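Student: Please take me through this structure by question and answer.

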Amino acid sequence: MSRIAKNSIKIDKDILCTFENGKFKAKGKLGEMNLSVDSLYTVDIQETEIFVNPKAEKDKLNPKWGTMRSLISNIVIGV
């Protein structure tokens, strides 16, 4: 199980994030970016945090989980 993937991603108040139809989008003062999220994972966006969760229990062992979380984190930091 990935230690990186289990961590939440903190978001500022001025960043708007959405997750629809497998696409994650983030918009902030520095621009807008989007990412096609692997179909094995869902993105749960709360007020100040984002969680990347696998749809199936067996996918917790997949190294893509940590990679997806890191890519989303980099997008949030970039905007």
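Student: Which side chain does Glu 49 join through a polar contact, and at what distance?
Tutor: The model is predicted: local features need pLDDT of at least 70 and side-chain atom pairs pLDDT 80 or more, while totals for chains, interfaces and linings use all residues. Residues are numbered from 1 along each chain as its sequence is written, and side-chain values use heavy atoms, leaving out hydrogens and water. A polar contact is a pair of N or O atoms within 3.5 Å, one able to donate a hydrogen and the other to accept it within protein, and residues adjacent in sequence count only if both atoms are side-chain atoms. The side chain of Glu 49 makes such a contact with that of Ser 8, at 2.9 Å.

Student: In which strand is Glu 49 found, and which residues does Glu 49 touch, not counting those up to four places away in sequence?
Tutor: Strands (E, at least two residues) and helices (H or I, at least four) are DSSP runs numbered from the N terminus. Glu 49 is found in β6, residues 49–54. With contact meaning heavy atoms within 4.5 Å, Glu 49 touches Ser 8, Ile 9, Lys 10, Ile 11 and Asp 44.

Student: Which residues of β4 stand opposite Ala 26 and Lys 27?
Tutor: Two strands pair if DSSP finds at least two bridges between them. Strands β3 (23–28) and β4 (31–36) pair in the antiparallel sense over six bridges, and a hairpin of two residues joins them. Opposite Ala 26 stands Met 33, and opposite Lys 27 stands Glu 32.

Student: Why is one side of β2 and of β4 left without a neighbour in the sheet?
Tutor: The open sheet has three strands in the order β2-β3-β4, paired antiparallel. Because β2 (16–20) and β4 stand at the edges, each has a single partner strand.
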